[in-house]
Amino acid sequence: PNLGKDEIGMLAKDLDTMRLELRDSLAQIRQWNRELEARVQQRTRQLQESRDYLQTLNTIANALSQSLDLEEVLGRGLKQVMDAFNAEAGWVQLVDKETEALVLAAQHGLSPRVLAEARHTPQGQGLTGTVKELGVPVVAVELAQDARFATKSAQQEGWHSFASAPLKSKDRVLGVVAVLGRRPGQFSGQDLQLLASIGSQMGVASDNAMLYKEIQQKEATRGELLHKVIAAQEEERKRIARELHDDTSQALAALVMTLDSAVVADGSEPARGRLLHMKELAVRTLDELHQIILDLRPSMLDDLGLVSAIRWYAESRLESQGIKASFETSGDEQRLPSQMEPALFRVVQEAITNIAKHAEADNVVISLEFNHSTISIEVEDDGRGFDIASLSRAADKS
């Protein structure tokens with residue numbers, strides 16, 4: 001409106017201009033607020049998605065780290081994947097090292113027909129065979145519309161969505177994990193990153209479990225070989241002891257008897273003295289041979305067990321040298337496996353032999369403690385021992 005050209009009119013015109021500019025400024029501020037709110041909401045969603053993503057990975061990592069048993073690791077990992085994607089069925093296949101085919105290792109919710117297909121997937125074939133060959137996670141929004149992943153059984157049973165990821169460790173594909181959904185579009189391309197991360201976690205956990213299983217198998221093989229070696233050694237000791245007893249010992253005994261007869265038959269003093277000396281040597285050799293036979297394989301170990309054999313050996317080996325041997329046992333004394341008793345006896349035998357030869361001890365205490373699944377043996381003497389520091393210095397010089 002025409003407000004006139006006087007002072008009041010000019011003032012009114014300026015006020016009206018300010019009103020219009022203020023209105024535009026307020027509209028601009030409201031627009032900025034809307035854009036800022038949209039950005040905040042988008043950022044909040046991104047942070048929430050990141051938090052959910054990390055929480056899912058953390059949950060799966062915790063579940064996978066609770067065991068080194070391969071079957072248990074795969075079962076727990078599959079359950080976590082199904083929970084993360086709200087899947088109704090899923091399975092895990094591992095790569096057969098010889099044929100490169102995929103072999104079923106864990107499953108949940110599969111019908112017999114789908115299960116039959118998942119038990120063995122030739123290289124490069126089937127739903128998961130393609131994932132294994134590609135080495136990347138794959139999502140099928142609608143199985144019926146995706147010829148690469150269409151399976152007759154899955155379609156007939158009403159499965160629509162499919163998601164799968166390779167189990168990777170050190171750039172090697174160890175297998176695949178796959179899930180099925182009833183709703184079309186239940187899994188989307190946005191799930192690919194999460195699938196890849198889960199596949200890597202399960203791959204590393206599976207690799208560790210396989211290595212642990214391999215170590216266990218090697219330990220079992222090593223234990224079996226050690227048992228065979230010990231058994232062979234003990235059998236050889238028995239054979240040698242038996243031959244020494246039956247042949248050499250009998251020959252020495254016959255020699256002693258022959259020397260006795262010769263001493264009686266030959267009345268000359270010089271010859272008699274030499275024969276008596278020869279008899280003394282033969283008797284001493286026979287006694288030493290008997291000791292060697294007993295050291296090789298004391299029959300008491302087979303007849304009465306470890307404790308009695310150790311007690312007998314310590315008394316016969318130490319008390320003849322004036323060393324007093326004492327015994328302490330605790331727990332429920334029991335017979336041990338046949339391969340264990342000879343090994344333990346040999347350890348104690350070596351300790352007693354060292355004491356008799358080198359310790360210059362007066363007293364020896366042998367303690368045996370039987371627990372539910374273990375046995376503890378301690379041999380202690382009051383001999384002179386040796387200076388550990390001097391051995392360390394000698395090792396440093398060498």
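1. Start with V92, which stands opposite V177 in β6. Keep in mind as you look around that this is a predicted model.

2. Now come at V177 from another strand. A165 also stands opposite V177 in β6. Here the partner strand is β5 (residues 161–169), which is antiparallel to β6 and linked to it by 9 bridges. The two form a hairpin with 2 residues between the strands, and in it K170 takes a positive phi near 55 degrees.

3. How much of β6 is buried? Of its 10 residues, 8 are, so the strand is largely enclosed by the rest of the structure.

4. Next, have a look at the largest pocket, which holds about 570 Å³ of space. Its lining counts 19 residues, and L94, V95, K97, L174 and M210 are the ones nearest the centre. Sorted by class, that lining has 10 nonpolar residues, 8 charged and 1 polar.

5. Which elements build that lining? β1 (89–95), β2 (102–108), β6 (172–181) and α6 (192–265) each give at least two residues. The largest share is from α6, with 6 residues.

6. Last, a quick stop at helix α3 (residues 112–119), where the buried residues are V114, L115 and A118. They span an arc of only 100 degrees around the axis, so they sit on the same side of α3. As background, an α-helix has 3.6 residues a turn, so residues three or four places apart point the same way.

Conventions
Residues are numbered from 1 along each chain as its sequence is written. This is a predicted model: local features need pLDDT of at least 70, side-chain atom pairs count only at pLDDT 80 or more; totals for chains, interfaces and linings use all residues. Side-chain values use heavy atoms; hydrogens and water are left out. On a 1 Å grid over the protein atoms alone, a cavity is a set of points where a 1.4 Å probe fits but cannot get out, and a pocket is an open set with protein on both sides within 12 Å along at least five of seven lines; lining residues have an atom within 4 Å of a point. Grid points are joined across faces, edges and corners, and a volume is the space filled by probe spheres set on the points. Helices (H or I, at least four residues) and strands (E, at least two) are DSSP runs, numbered from the N terminus. Ala, Val, Leu, Ile, Met, Phe, Trp, Tyr, Cys and Pro count as nonpolar, Asp, Glu, Lys and Arg as charged, and the others, Gly among them, as polar. Buried means under 20% relative accessible area, exposed over 50%, partly exposed in between (1.4 Å probe, protein chains only). The arc is that of the directions from the helix axis to the C-beta atoms. Two strands pair if DSSP finds at least two bridges between them.
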